[in-house]
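Here are a few exercises to work through with the model open in your viewer. Try each one before you read its solution.

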There are 2 protein chains.
Amino acid sequence: MPLLVIGTLAYDNVETQNDKREDLLGGSAMYCAVAASLMRKPGDPGPRLVGVVGEDFRKFDLEALQGLGIDTEGVEVAPGRTFRWGGRYEPDWNTRHTTFTELNVLEHFDPKVPEAYRDSRFVFLANAHPAVQERALDQVHGKPFVVADTMNLWIDVALDDLKHLLKRVDGLILNDEEARLLTGKSNLIQAAHQVLELGPRYVILKKGEHGAFLMGEDVHFSLPAYPITEVIDPTGAGDCFAGGFMGSLVRDGDVSPAALRRAMLFGTVTASFCVQGFSIETLIPRTADHLQARYEELASICTI
Amino acid sequence: MPLLVIGTLAYDNVETQNDKREDLLGGSAMYCAVAASLMRKPGDPGPRLVGVVGEDFRKFDLEALQGLGIDTEGVEVAPGRTFRWGGRYEPDWNTRHTTFTELNVLEHFDPKVPEAYRDSRFVFLANAHPAVQERALDQVHGKPFVVADTMNLWIDVALDDLKHLLKRVDGLILNDEEARLLTGKSNLIQAAHQVLELGPRYVILKKGEHGAFLMGEDVHFSLPAYPITEVIDPTGAGDCFAGGFMGSLVRDGDVSPAALRRAMLFGTVTASFCVQGFSIETLIPRTADHLQARYEELASICTI
């Protein structure tokens, strides 16, 4: 039962205190699919990716994704340039400035879920306009387990669409700032409760270096971040969290409280690998053994 | 093997968004001793308290502490007024403004550890000038398990004294801001490693609503805060954390990694009760059953 991931593919320019990189492979769905691909069992199909790129999208980037077992049939090539984003991080990593955004082919993106993907039992709606997320979801058959991401922009400009979407998803994944903006509650436990009242059965609240928690009808689980001492580039960490989380659920074929807890750990693990390099450079070489070792280290830090 | 607590007793004025209270019983050692008193087994002696108060210290406050089993023989009554502090919290609780500080009898405080206390096997040096903390420690016999607290002020104005003290303590407990100031590292894992290089075997790093972690030679343990949805007054929460932590070690008579992990949970539990009321009003009525119930709830949130 493969994972369907719908969202953006991008080229990013990233500036950190120590380095500056251009034309990095990026995008919410790309990061999520790569992280999820690391979670699959040998022989299992890889994540199915739906998104749009421009004619400038590099063949070797597509091949790199395919090499990880990602199904790219759903990646549409549209006339024009790929979505581009630039960001600069303050030395403390807590503040990110967007230096530019070129929507390019994303401007008229209308997700087309290939017929072969419509039986997916797990769906991740990576960050996009909530109406676009919902149009994608409309194309999936049956009752998959659906988790959505969002961002401040959509809470500001498309709140009604977002609220409509939230009635149809099983989980919402968001960070502390987004949770406060969406609910008006500064207390994150109150904010999580309020998100649950908007429809989802589960809310996954990410707090960066402070870890994450999951709250829902039958589970409340909180865990720290993996202790990283040197961050290289945090871009994509949240999407990698989502990819590890969803990939773990797919691997277990299960959304029980135990499976959700395990998924929170694997999300933390894939996010931790992500921030140790630019783009997906430190994710690509990871094996199941690498992930398992870090999972066990994290578990030992959490175990009473 | 009772706990010895050395530090301040105070009267506090506290302003929050919703309320304003004056002449609240406060002080680092007072909060710590109260939290630790809740942890003791029936029949065990309560914490031993060393500090100074003025002639204005209310008899019923002393009796309240004694009623919790706290040994107040070490509370010196000096001519003059009790140390007084005023603080105002921003609505998000993350910012605290000190509205006034009157040192009063604290100005010339020279801790005197009663002869009967000098065999204590567990010592908590609550926040005070590090030279004062060390003078207190000098009076304790043998090799107790010693944990110290500190604050930004001493890192700024008495760094050499603090570094001298750190070579003599087993643990240092501090918050994220203090850890960053002491080490110059914004990454808290790096900061914790650096604190360990200054001497202590263990560092306990508190992150408020984001929980705490303990790092040391044989243990690394991280846990979330207890999920409180309504904070009334966070004053003393850090000292109550220390009291629950030390009280748990005393109760176990043990500083093994398992005991340290348990102590981190009990510290979190006592701190959570503290913030639900002003001063010690929500701590005093807590029974061992209340603490155990919240311990188990917190454990369930942390368990993979």
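**Exercise 1.** In what order do the nine strands of the open sheet of chain B run?

Quick ground rules: this is a predicted model, where local features need pLDDT of at least 70, side-chain atom pairs count only at pLDDT 80 or more, and totals for chains, interfaces and linings use all residues. Residues are numbered from 1 along each chain as its sequence is written, with chains lettered from A and ligands numbered from 1 in the order in which they are written.

*Solution.*
- Step 1: strands are DSSP E runs of at least two residues, helices are H or I runs of at least four, and both are numbered from the N terminus. Two strands pair if DSSP finds at least two bridges between them.
- Step 2: the order in chain B is 5-4-1-8-9-10-11-12-13, with mixed pairing.
- Step 3: strand 5 (71-77) and strand 13 (219-223) of chain B each have a single partner strand, so one side of each has no neighbour in the sheet.
- Step 4: from one strand to the next, the twist averages 15 degrees (angles run from 0 to 180 degrees between N-to-C directions, and axes are lines fitted to C-alpha atoms, for helices over the stretch in contact).
- Step 5: for a parallel pair, take strand 1 (residues 3-6) and strand 8 (residues 122-125) of chain B, joined over four bridges. There, B:Leu3 has B:Phe122 as its bridge partner.

**Exercise 2.** Work out whether A:Phe273 is buried or exposed.

*Solution.*
- Step 1: find A:Phe273 in helix 9 (residues 257-274) of chain A.
- Step 2: buried takes 20 or more other C-beta atoms within 10 Å, exposed 12 or fewer, and partly exposed is in between, with C-beta atoms placed from the backbone.
- Step 3: A:Phe273 has 24 C-beta neighbours inside 10 Å, so it counts as buried.
- Step 4: leaving aside neighbours within four places in sequence, A:Phe273 is in contact with A:Thr282, A:Leu283 and A:Arg286 (contact: backbone-placed C-beta atoms within 7 Å).

**Exercise 3.** Which rotation superposes chain A on chain B?

*Solution.*
- Step 1: superpose by least squares on the C-alpha atoms of residues with pLDDT of at least 70 in both copies.
- Step 2: you get a rotation of 180 degrees with 0.0 Å of shift along its axis, RMSD 0.0 Å. The two copies are therefore related as by a two-fold rotation axis.
- Step 3: in chain A, the C-alpha nearest the axis belongs to A:His210, at 3.0 Å.
- Step 4: now the interface: 23 residues of chain A are in contact with 23 residues of chain B.

How values were computed. Two residues are in contact if their C-beta atoms, placed from the backbone, lie within 7 Å.
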